[in-house]
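Notebook open. Today I look up charged side-chain contacts.

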Amino acid sequence: MTEQNLKNDALLQIGRIGTIALRGLLWFVGIVLILAIPYIIVADPSEVAELQLQISGAGISTDAKLVIASVGVIAMIILVLLERFLLQLQRLIESVGQGDPFAPINADRLARMAWLLLASQITAFIGMSIAAYHAISEEADFTGDFSIEGLFIVVLLFILARVFKHGAAMRDDLEGTV
Amino acid sequence: MVKLDDLLHDRRMTLTELAERVGLTLANLSILKTGKAKAIRFTTLAAICRELNCQPGDLLEYQDK
């Protein structure tokens, strides 16, 4: 399968364009956060009153700007982890389009994706826990539970990485067979 | 060691002709001829022996490196 086949395979094309678009979106949100977090920390309370109103409406105490900033930083970390995850997926899709899905590096990419997803879940759990600690409303639900589906996908990715590692070894054996 | 050169010379056959007859690409047959192949399928070996009218031992020789 050649680069041309990447263009002819609708699923690969959709996957590739989708990952690129999502990465672009994450970059955009990340830039907004990079600008917003310092502003929130240093801004005069009256300037962020509306934001605080929205946040307190969600049930989080706005007494400590540090709380808002720390949740923002955690959101940034998750954005970075997800962006790296999508980058690995994009490279994986491109390698399939190039006709080389069982290159050893793809086993590494899948393992990295598993670790990145696990790290983002742990980070999200920490973020939710911080928000829950500072919750002022009993109605606000910030209980951070690990998503079973997310953990299942992490395990699935690790298994797929192992499968690809064996596939690469088998391909290596076959290479040079006439 | 693959003694394809000698056999082709004796049979007055080119590598390209042999590739066409056994159903291998010229590239793969060249890999075999230059000793870069890691493995050979029995079907490939049988096809080469059929076209060159030889035995596997005429084609392959073990050399202790």
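Which side chain does Glu51(B) meet in a salt bridge? I looked it up: the partner is Arg50(B), at 3.0 Å from N to O. The model is predicted, and I keep that in mind throughout. I then checked Arg50(B) for accessibility and found 53% relative accessibility. The cut-off for exposed is over 50%, so Arg50(B) counts as exposed.

Next entry: the total. I find 10 salt bridges over all chains.

Next entry: a pair within chain A. Arg23(A) forms a salt bridge with Glu83(A), and their closest N and O atoms are 2.7 Å apart. I traced both ends. Buried or exposed, I asked of Arg23(A) and Glu83(A)? Both are buried.

Next entry: a pair between chains. I looked at Asp172(A) and found a salt bridge to Lys38(B), with the closest N and O atoms 3.9 Å apart. The pair crosses from helix α6 (residues 148-174) of chain A, where Asp172(A) lies, to the loop between α3 (26-33) and α4 (42-52) of chain B, where Lys38(B) lies. I checked accessibility at each end. Asp172(A) has a relative accessible area of 42% and is partly exposed. Lys38(B) has 55% and is exposed.

Last entry: a network. Which residues are linked with Arg16(A) in a network of salt bridges? I noted Arg91(A) and Glu94(A).

Definitions and conventions: Residues are numbered from 1 along each chain as its sequence is written. Chains are lettered from A and ligands numbered from 1 in the order in which they are written. This is a predicted model: local features need pLDDT of at least 70, side-chain atom pairs count only at pLDDT 80 or more; totals for chains, interfaces and linings use all residues. Side-chain values use heavy atoms; hydrogens and water are left out. A salt bridge is a side-chain nitrogen of Lys or Arg within 4 Å of a carboxyl oxygen of Asp or Glu. Buried means under 20% relative accessible area, exposed over 50%, partly exposed in between (1.4 Å probe, protein chains only). Helices (H or I, at least four residues) and strands (E, at least two) are DSSP runs, numbered from the N terminus.
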